[in-house]
Protein chains: 2
Amino acid sequence: MRPQRPIGVFDSGIGGLTVVHALRRLLPSEALVYLGDTARVPYGTKSHDTIVRYTLQMGALLQQHDPKLIVVACNTASAHGLAALQAVSPCPVLGVIAPGAEAASQSNGPVGVIGTLATVASAAYEEAIRRHRPGAVIHSVACPLLVSLAEEGWVDDPITDAVCRRYLNELPFEVKTVVLGCTHYPILKASLSRARPGTTWIDSGEVAAEAVERLLRNGLGFRTESAPGPLRLILTDASSRLREVGERFLGESLGSLELVDL
Amino acid sequence: MRPQRPIGVFDSGIGGLTVVHALRRLLPSEALVYLGDTARVPYGTKSHDTIVRYTLQMGALLQQHDPKLIVVACNTASAHGLAALQAVSPCPVLGVIAPGAEAASQSNGPVGVIGTLATVASAAYEEAIRRHRPGAVIHSVACPLLVSLAEEGWVDDPITDAVCRRYLNELPFEVKTVVLGCTHYPILKASLSRARPGTTWIDSGEVAAEAVERLLRNGLGFRTESAPGPLRLILTDASSRLREVGERFLGESLGSLELVDL
């Protein structure tokens, strides 16, 4: 089971760096290979078939690094492509939706889910939450603009506040627990909290990092070299603003970037 | 010179349907084949090399329809990929930047250009405007959120007004002529006008349609069948909201859509 092998993290773009950030805090010794499909981001507006095809391609690319585990850090790819990737992957594959749904199912009362158009259309969170809590009342709202606002860096901004208010007002008043069903959203936590004070936010990336920790503990094994473990960043395209935006998500310097052609 | 052949229109997504709309009004008898790379939209955040590669691929796909002319309806693809496509295309290729720049150069005073990150980074409008008016003063502002707002359909909306104000306030007061350097922006004309009253807006799609008319008149020839000419819509992906958003851009029903795999 060679525990020295890296954890592969796949995302549609660079939003998944918030998941890497959570993994680095929780499991600082682990070696990480991050693969971001920046050439074809966003997935959240694409169709099921296209998302599945792209997820399988990215899984195959990550496999070249012999990971002990692949984390699908993108909610949209998790919602549409996870089962297909699990069916062909030689290593375990973990998505962000099951951990987020499990955490949400532990709350009482109705649950809110915010995400991309494709994630909301998939109803993947509804299904996953009801697996733990049958009959749970779930309200989902697609928030397509939030990804753009996060990438534009308007993270503490009256316009972002107004957009968050508009989307979150679609949730009934009784909803007190909301899943951040997109890895870009933790960046906008301040605006989201102002728009809906008193809400418990579930960061699907953070709970996914905890699920990774359990998988390592229960068999896959921890890397034993000293922290911090190496972090390789591989992207399908590198635009001019990528470094600035990526470092905001990762919470540390990006270091060197590798490019792969698709 | 078979003038019955279609005009091929290529765009990164469906924003270019505003150009199709202008072509249908000006040249209603023409047959049009529209190819939108909806699987990989947006191009505006991608790198030069990737945009060039995608533009060449899409040009090759359009060539299968034996067009008499290809219009690159996407400003980002025009800014980065036009020369590469012209170098290999067996038919003439027209971008939207040269016509928009020519129209802008006829104004007095400084010129504003708004567009995607990649279009603004390319400085293609600056170069093209100065070809007609050397020494012209040009101020360019990247407006990454406007594409998302247009696709979200928040077209007459206080949030869109606020975003337009913020971007347009980056232009000096003296700027009275502004090029809409992205095919999505005509949809937001009301908000843009409110944010900057008294501005002359140059719609690069509309002036591109006029340039197409001149090319047909000066040699390529007009299709003689009765109007309306057939319109084929080919996309690389079809998401659930595509029809709703596309019809807003096209100004008529989308009819049937064809999909190609990339």
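These questions and answers concern a predicted model.

Me: How many helices and strands make up the secondary structure of chain A?
Reply: The model is predicted, and the elements are taken from it. For chain A, the count comes to 11 helices and 10 strands.

Me: What radius of gyration does chain A have, against that of a compact globule?
Reply: The C-alpha atoms of chain A fill a box of roughly 50 × 40 × 35 Å along the principal axes. A compact globule with 262 residues would have a radius of gyration near 18 Å. The value for chain A agrees with this, at 17 Å.

Me: What percentage of the residues of chain A count as buried?
Reply: A residue is buried if 20 or more other C-beta atoms lie within 10 Å of its own. Of the 262 residues of chain A, the share that counts as buried is 54%.

Me: Which element gives the largest share of the side of domain 1 of chain A that touches domain 2 of chain A?
Reply: Domain 1 of chain A covers 7-96 + 206-259, and domain 2 covers 98-204. Their contact takes 27 residues from domain 1 of chain A and 24 residues from domain 2 of chain A. On the domain 1 side, the elements that give two or more residues are H1 (17-26), H3 (75-88), H10 (204-220) and H11 (242-250) of chain A. The largest share, 5 residues, comes from H10(A).

Me: How do the residues of that side of domain 1 of chain A divide into nonpolar, polar and charged?
Reply: The side in question is the one that touches domain 2 of chain A. The centres of the two domains of chain A are separated by 21 Å over C-alpha atoms. The domain 1 side divides into 13 nonpolar, 9 polar and 5 charged residues.

Me: Which elements of chain B give two or more residues to the side that touches chain A?
Reply: Across the two chains, 20 residues of chain B are in contact with 21 residues of chain A. The chain B side divides into 9 nonpolar, 6 polar and 5 charged residues. The elements that give two or more residues to this side are helices H5 (117-122), H7 (145-152) and H8 (158-168) of chain B.

Me: Why does B:Val52 count as partly exposed?
Reply: B:Val52 lies in helix H2 (residues 48-63) of chain B. Leaving out residues up to four places away in sequence, B:Val52 touches B:His80, B:Gly81 and B:Ala84. A residue is buried at 20 or more C-beta neighbours within 10 Å and exposed at 12 or fewer. B:Val52 has 18 such neighbours, so B:Val52 counts as partly exposed.

Terms used:
Residues are numbered from 1 along each chain as its sequence is written. Chains are lettered from A and ligands numbered from 1 in the order in which they are written. This is a predicted model: local features need pLDDT of at least 70, side-chain atom pairs count only at pLDDT 80 or more; totals for chains, interfaces and linings use all residues. Domain bounds come from an automatic or database domain assignment. Two residues are in contact if their C-beta atoms, placed from the backbone, lie within 7 Å. Helices (H or I, at least four residues) and strands (E, at least two) are DSSP runs, numbered from the N terminus. Ala, Val, Leu, Ile, Met, Phe, Trp, Tyr, Cys and Pro count as nonpolar, Asp, Glu, Lys and Arg as charged, and the others, Gly among them, as polar. The radius of gyration is taken over C-alpha atoms; the globule rule is 2.2 Å times the number of residues to the power 0.38.
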